[in-house]
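Let's take a walk through a protein model together, one piece at a time.

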Amino acid sequence: MTELYPGCWAGKASSGLELFVEPMAHLRSVALGLWVRAGGRNDPPGREGLAHLVEHMTFKGTERRTALEIAQAIDALGGHLNAATTNEYTSYFTTVLDHGLPAALEILQELVTSPRFSPDDLCREQVVVGEEIRTLDDDPEEVAFQLLAEELWPAGHPLGRPVIGRLDSVARIQPDDLWGFFHDWYRPGRMTLVACGKVDPEPLLLQAEEFGAGGKDDQTRPRFPPRPGNGVAVAEREIQQVHVALGFPTVPAASPDRHGLEVLNALLGSGVSSRLFQRIREELGLVYAVFSVTAYHTDAGSLAVYVATEERKLPQVLDLMWAEIQELVRTPPDEADLARAVQRLTSAFLLGLDNPNGRMVRLGTAAALGRTPLPPDEVVRRLSAVTPDEVQELARRFLAPEKAAWAAVGPSAERLRRLMRPHVAVT
């Protein structure tokens, strides 16, 4: 293991498994996570949702343990084992007391190296995932953001497809699909193990050698970055509000512009002191939910704005939303506003480091997106170095109306198109 920066150790097992360890000697617990660089964008066409279903199926039993025995083993450690699938990666994570680390690591290893994938379990889990899909489909915010992804990353690009899949694509998945995906992508060379808390780096590296060999990453697999779109999608639901999301393509995760974009996002709509929240909700009381959010992939990124309101208020809300966006394009933020945004981002970042789970997620996500984790002091320095002119330049470059993709959900698609027409070329 080598010290990546003070307090963070990095290493690699003989199998190619990557490790990051941040010891926190004053704690009794360890946050342990495993990131597999395989997610929704690796799903074959027609099998959307496969990566997510593989994640579910790893919990249904391994060669050594049943699903119940896995749950009992984690419960006995006082921990909680969970997982998540994104476009780019799948992560498995738990937090246990330090004496439970070897057992937790053994269970994680079993999940990602020797799953059982029983056909009977697959049939049951397809039903479970079907219910999960229906749950998301009943949530207009989720629907709006999925439609936005399809418009922002169009032409069938994997980033525009739902990570969870669709009812028909999940129903088509067969045991051979699970095994094919698993053998293609669940290789130690595509995995990063992260531990933060009461843990020693060198003993963990020795345990990580148990992850097996033969898993070098296959760098020859083609991957195509998306070509951003600026379309409009509208969906009807029997709901009382209208939900609108618009998104702008930005930069990949490793871009040097990322810290400036985070400051721009903080000023615009991230947090209760942001311009959108203060103007549209606090001053005028037009909405309950309004925010902006950034997202980063290995080869793309976005900044999205979301709002939900009564249909009759939508024209005014859209006017106000665009006014705030255009103000950032026309005028650099004043120094006081910028300082507050930077202070908020810096404080949130440092607060996250007080939690071993927050440290684990930071390191694992950076590795999965192809970034070398930065020292915390460097993150703070880069945020503090963002200038008003840089924020305006980023707003000019990315927040252009002609680059925006739109999505809306409401009771009437026809009325939504009419209300949005002044702002977008709705067809």
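When two helices pass each other, their crossing is called left-handed if the near helix is turned anticlockwise from the far one by less than a right angle, and right-handed if clockwise. Before we use that idea, note that this is a predicted model, where local features need pLDDT of at least 70 and side-chain atom pairs count only at pLDDT 80 or more, while totals for chains, interfaces and linings use all residues. Residues are numbered from 1 along each chain as its sequence is written, and side-chain values use heavy atoms, with hydrogens and water left out.

The names of the pieces come from DSSP runs: helices (H or I, at least four residues) and strands (E, at least two) are numbered from the N terminus. Angles between them are taken between N-to-C directions and run from 0 to 180 degrees, using axes that are lines fitted to C-alpha atoms, for helices over the stretch in contact.

Helix α1 (residues 50-58) and helix α4 (residues 119-137) have axes that come within 10 Å and cross at roughly 120°. Angles under 35 degrees count as roughly parallel, over 145 as roughly antiparallel, 65 to 115 as roughly perpendicular and the rest as oblique. The helices α1 and α4 are therefore oblique to each other, and α1 passes α4 in a right-handed crossing. Which residues of α1 meet α4? They are His52, Leu53, His56 and Met57, and on the α4 side they meet Asp121, Leu122, Glu125, Gln126, Val129 and Glu132; contact here means heavy atoms within 4.5 Å.

Leu328, Val329 and Arg330 of α11 make the contact with Gln392, Ala395 and Arg396 of α15. By class, that contact has 3 nonpolar, 1 polar and 2 charged residues. Helix α12 (residues 335-353) packs with helix α14 (residues 376-384) at an angle of about 170°, their axes 9 Å apart. So α12 and α14 are roughly antiparallel to each other. Their contact includes Phe349 of α12 and Val380 of α14, and its residues divide into 9 nonpolar, 2 polar and no charged.

Next come the sheets. Strands of a sheet pair through backbone hydrogen bonds, either parallel or antiparallel, and two strands count as paired if DSSP finds at least two bridges between them. An open sheet of 7 strands has the order β1-β2-β3-β7-β4-β6-β5, with mixed pairing. Its edge strands, β1 (2-5) and β5 (82-85), each pair on one side only. From one strand to the next, the twist averages 20°.

Strands β1 and β2 (residues 8-12) pair in the antiparallel sense over 3 bridges, with Ala10 in β2 as the bridge partner of Thr2. They form a hairpin with 2 residues between them, and Gly7 in the turn has a positive phi of about 95°. Then β2 pairs with β3 (residues 18-23), again antiparallel, over 4 bridges. In this hairpin, with 5 residues between the strands, Gly16 takes a positive phi near 105°.

Helix α3 (residues 101-113) lies across β4 (29-36), β6 and β7 (191-197), running at about 15° to β4.

What else can you find in β6? Rings of Phe, Tyr and Trp (its six-membered ring) pair if their centres lie within 6.5 Å; planes under 30 degrees apart count as stacked, over 60 as edge-to-face and the rest as tilted. By this rule the count comes to 12 aromatic pairs. Among them, Tyr92 and Tyr186 form an edge-to-face pair, 6.5 Å centre to centre with 75° between the planes. Tyr92 lies in strand β6 and Tyr186 in the loop between α7 (175-185) and β7, so the pair ties together parts that are 94 residues apart in sequence.

Finally, 5 strands form an open sheet in the order β8-β12-β9-β11-β10, with mixed pairing. Here β8 (232-236) and β12 (residues 405-410) pair in the parallel sense over 5 bridges, and the bridge partner of Ala235 in β12 is Val409.

Notes. Nonpolar A, V, L, I, M, F, W, Y, C, P; charged D, E, K, R; others polar.
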